[in-house]
Amino acid sequence: MHERPRLTPIQINRDLLRSCLETPLVFYVLLLLLMGLVGLGVVAATLLVTYGLGVTGLNHPVFWGFFIINFVFWVGISHAGTMISAILRLSAAEWRRPVVRAAEVMTVFSLMTAALFVVLHTGRPWRTLYWAFPYDFVRGIWPDVRSPLVWDPSAIFTYLTGSILFVYAALIPDLALARDKTTGWRRLVYGVLCLGWRGNARQWKLLNATGLLLSALILPVFVSVHSIVSWDFGMSLVPGWHVHIFAPYFVVGAVLSGVAAVIALMAVMRSLFRLHDYIRPEHFDMIGRLLIVVALAWAYFYFIDVIFALLSKEEAEYEVMKLRLSPPYLYLFLLMIVCNVFLPVPIWMFRRFRRNIGIMVWTAIVVNIGMWLERFLIIIPTLQRRHPDAFAWGDYSASLVEISLVIFSFANVGLLLLLFSKVFPVIPIWEEKEGHIWKREFRIGKLRLPAIVRE
Amino acid sequence: MRQAVEGTEQDTDKPVASIGRRWGMVVDLDRCTGCQACVVACHAENNIALNLEDVVLQQRAMNWIRIERYWEGEYPNVKARFLPMFCQHCNNAPCEPVCPVYATYHNQEGLNVQVYNRCIGTRYCANNCPYHARFFNFWERDLEDSHAEYLNPNVTVRTKGIMEKCTFCVQRIRKSEWERRQADEELQDGDVQPACVQACPTDTLVFGNLEDEDSRVAKLAQNKRHYRVMENLGTDTNVIYLKKVDPHASETAPAHAGSAADTSRNSA
Amino acid sequence: MLFLGGVAGFAIRLGAGLEDRGPWGYYAAVFGFLFTVGQAAPMVSFVPRLARARWHGPLTRASQVVAVAGLLNVLLFIPLLWLVPSSAVRTTVWFDWPWGAPHFYDTIFVLMLVVNGFAFLWVQAIPDLAALRVQSGGTHRLARLLSGSFIGTPKQWKVQRIGLAVLGGCYVMNFIFVQSLISLDYVMTLVPGWKSSMFPAFYSINGLLAATAMTIVVMAVIRRFYGLQRYITVDQFWNVAKIMLALNLAWAYHWWADFLTTWYGRVPRETVVIIGTRSFGENVWLFVAAFFCCFVLPLLILMWNPWRKSVAGPTVVAVLSLIGIFIQRIIDYVPAYLNTQDPLDHELHEAIAIPWPGLPDVLIIVGGIAGAVFLVTWAVKALGPLSNWEMQEGVILRRNEKFLNAEVPYVIKPQ
């Protein structure tokens, strides 16, 4: 694209491998900080497993709480990877190049974190672990495939496997490059990991085919994962959860939060690894445009959801929505709407703001706060007023254990991303070079316009 | 798909082939005085953890059977309505298909049973139960409490992290069955009495086999006052309530007792 | 002629009176179908533009032409206003709004959509109209009137582009909004107990699918009868086919989500409508036909790249999808209008079977569709089959250059 500075392949190699080969001080600072927070989470999880779910704020009507909110949130974040890499790859959008790997890796790590919360949230996690696999072969007892909670691990592990393959396939040429630039044991490790990549024509052809095939195959998985997460709620009889629109609505919400998270991640990478020549304002610009559409679609679905609850003559469902729309939840509701639509969308409308990285990062954070609140508002108030049965209504406040585990989840994803960036290049070097080779400029009249080979 | 179509015609799609026995209960609300004897009996029979003060404040109290109380009318014409609520043993139970490990399922006698050993505590069933009849063990049971000496040996003491709920005193069903089999006889109507039924002083609760047309419970279930709680959800419960006879019904406001009255078919 | 037949059928129906809603089901279905097809068309020209895809040049005019059928919708819409009860006797999204809700508001929104659509199309056609004005030496009065003083200065182009973006963006939102509204006010709230929040979204997806399909059909027809094989290439069909496939999948996805939620919930109030009436109950064969036409067959055809990359493949799928959507509209509208229960009831007591259409119904269906085809043909004649300036832009922004040893196409992307 036209803002792309002229870089030689050597420069690209040096810039993009820098994060793997050098270790600045800030890396250690961040590492310690994140490890501390993760340690806090480990303590909390130990308490949880030792003493049982009593240490949380969960209670009789509110059986699901922060853990499930967090689970949905992180599965949502994980949708960014596929959205960006698969869809943009298939539609041959040029601006995807520097973003794909970071997004995909974030997918993998956030999915892992999400899966962790499913296990932690159950009453007997040690049993859940072998429940994820069909167990009790001798007695012939199998998981009940009718349960959405069986669809969940199936979908998540399929998606996780697919995403790891996706990341790995695209990593191979870069690993080979790293092999060539390093010595000693590192060379050995990279050499093993790159599976004997020599960069001949056949290998490139296979790699391209793999990329396209995986993109096409992962798309249905991508849609199904968050649909299935939504069906954890939709398949139930709980008024306020038994909502038909949930599947597409959750998918759109997931894309919104995930793509917004990618913005934040890109900005961090840009400043941390000095990638100013690679992650440029135009990328934020394009993501901003994408997000306008996604945020408006989200607003549409949310509007339908609210209207239908109010429209219904179902006393139970109306009661739930009434609670959601009355203080104190009303304030959260308003905050969520402002965070997700009314604040960011007008900002994204303007090209000047879309190209201002600081503003984009703030909108991204705001959107993710909004999306977290959205899950909160779906789960907590609904359970508090589940069916008009006055003796079983209640309230909920999260305990310290739950809050520290929420903090842990953010630290955990951050830590894993940091470690990844130490070992592997965060921007696909070969894709970046491909973009450089394919671009060209044309003159039309007095204008010089950028052009790209049609893939 | 076939099953679904039948569902629209209000045909009960029974998950398991019946063996000519479908345990059910009739609750005659006209007789209920709200004395809570059933609640106490249930606690004693089923080794339910004590609802100490801190547990109640945490909103984690467990009552397999509870008396729902509704106030009706304006002062001074206030009436208290009582409705014993417990697991309705739905034929079309919302809690069953959502369990990933078959820890709750429908057995051949129409009972909705909970297998403690298999339960992993996802609490999905509790969320999906419209009757709030399922309870979760948030803490490990402290057996040093005063209850320890009184545990019923026929009932499992539940560990932390699993669900529990009314079983229709399945241990009593098994015991009666066994006694009759020793004498080489068939189970008779009235043989089995869950603890709550036994304790009820006003004969509000009647338990028996709904498939047996001659049983007392089946006859009562035909009473024109009969209805099921939250019938509109299509859960097809095995617990049938008989509406309260209200001689002044036409004078006061139309009877509306929350969930209790919203689906009544026949007026008293 | 057929159109006149349709008018006759309409007259017969009118003779039978407006009080009884039942017999008007098929009429409403035709309206719903044409509304879906006609009004979604500007979207087809706008969405690829928004996505900055460079292949849509020849496609825009085809979709514009279809949009002219939108005029017919407004005509068809008028009798429906009397057929549908006001919000006083049923629950609607309007709650207790004054002034004849929903009729008044719906009319306003439908008109707004049509005006918005035509404004969008007009802005899009300005450069071509100006060219026509110049070529005819200023004698073409209509062109002179509509193109104003457009002479192609940079400023005019800029204004035109911004106008397209704004009007197009508004149109997309307007379209989804109005489709949702119509689906609620004219279908769903007529049936007691039917409360599926998926329905408006599903209805809109149907609209997008129908518009895409219609565009493909028009493209294929124009290509054949105007001999434009050089301008409308397989490339265009290939690209629209991808969108088509995506929409076919989205159709199935939305239906499946709706169905599954209902089936799992096992709430009688929902199953009787969504399963009993709309899919596997009384009208199972209609549903199966729609399902095959909108999902199974398109998937089986379009999943193969050689078929995707042809003229025949996408065209066949487009025709199938249109048939499927028409059947879907019958499933939507006819039971809603046949329902004799009070819409305020808590639930529908039994599923509604769809009867065979009578003679007036057939006349109305054929006439309505024939009328739309007639309008489209007229529009092709009046507007010219291709959007000239976009074609030219496309030619400028795309060139073949040598790359190493191969000749490859380059696409220029102005910011």
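This is a predicted model: local features need pLDDT of at least 70, side-chain atom pairs count only at pLDDT 80 or more; totals for chains, interfaces and linings use all residues.
Mentor: The radius of gyration is taken over C-alpha atoms, and the globule rule is 2.2 Å times the number of residues to the power 0.38. Chain A has 455 residues, for which a compact globule would have a radius of gyration near 23 Å; chain A has 23 Å, which agrees. Along the principal axes, the C-alpha atoms of chain A fill a box of roughly 70 × 60 × 40 Å.

Trainee: Which elements of chain A have the lowest and the highest mean pLDDT?

Mentor: pLDDT is the predictor's confidence in each residue, from 0 to 100. Helices (H or I, at least four residues) and strands (E, at least two) are DSSP runs, numbered from the N terminus. Chain A contains 18 helices and 2 strands. The lowest mean pLDDT among its elements, 67, belongs to strand S2 (residues 447-453) of chain A, and the highest, 93, to helix H3 (residues 66-77) of chain A. For chain A the mean pLDDT is 85, with 92% of residues at 70 or more.

Trainee: Is Trp151(A) buried or exposed?

Mentor: A residue is buried if 20 or more other C-beta atoms lie within 10 Å of its own, exposed if 12 or fewer, and partly exposed in between; C-beta atoms are placed from the backbone. Trp151(A) is buried, because 20 other C-beta atoms lie within 10 Å. Trp151(A) belongs to helix H7 (residues 148-181) of chain A. In chain A, 50% of the 455 residues are buried.

Trainee: With which residues is Trp151(A) in contact, leaving aside its neighbours within four places in sequence?

Mentor: Two residues are in contact if their C-beta atoms, placed from the backbone, lie within 7 Å. On that basis, and with those neighbours left aside, Trp151(A) is in contact with Ile228(A) and Trp231(A). Ile228(A) is 77 residues from Trp151(A) along the chain, yet their C-alpha atoms are separated by 6.7 Å. Of the contacts in chain A with a separation of 6 or more, 80% are between residues 24 or more positions apart.

Trainee: How many residues has the largest nonpolar core?

Mentor: A nonpolar core is a set of buried Ala, Val, Leu, Ile, Met, Phe, Trp, Tyr and Cys residues joined through C-beta atoms within 7 Å. The largest has 304 residues, and those with the most contacts inside it include Ala102(A) and Met244(C). Helix H8 (residues 198-225) of chain C gives the largest share of this core, 18 residues. Beyond its neighbours within four places in sequence, Ala102(A) has contacts that include Val262(A) and Val426(A).

Trainee: How is strand pairing read, and in which sense do S2(B) and S3(B) pair?

Mentor: Two strands pair if DSSP finds at least two bridges between them. S2(B) and strand S3 (residues 79-85) of chain B are antiparallel, with 7 bridges. Glu68(B) has Leu83(B) in S3(B) as its bridge partner. These strands form a hairpin with 6 residues between them, and Gly73(B) in the turn has a positive phi of about 90°.

Note on methods:
Residues are numbered from 1 along each chain as its sequence is written. Chains are lettered from A and ligands numbered from 1 in the order in which they are written.
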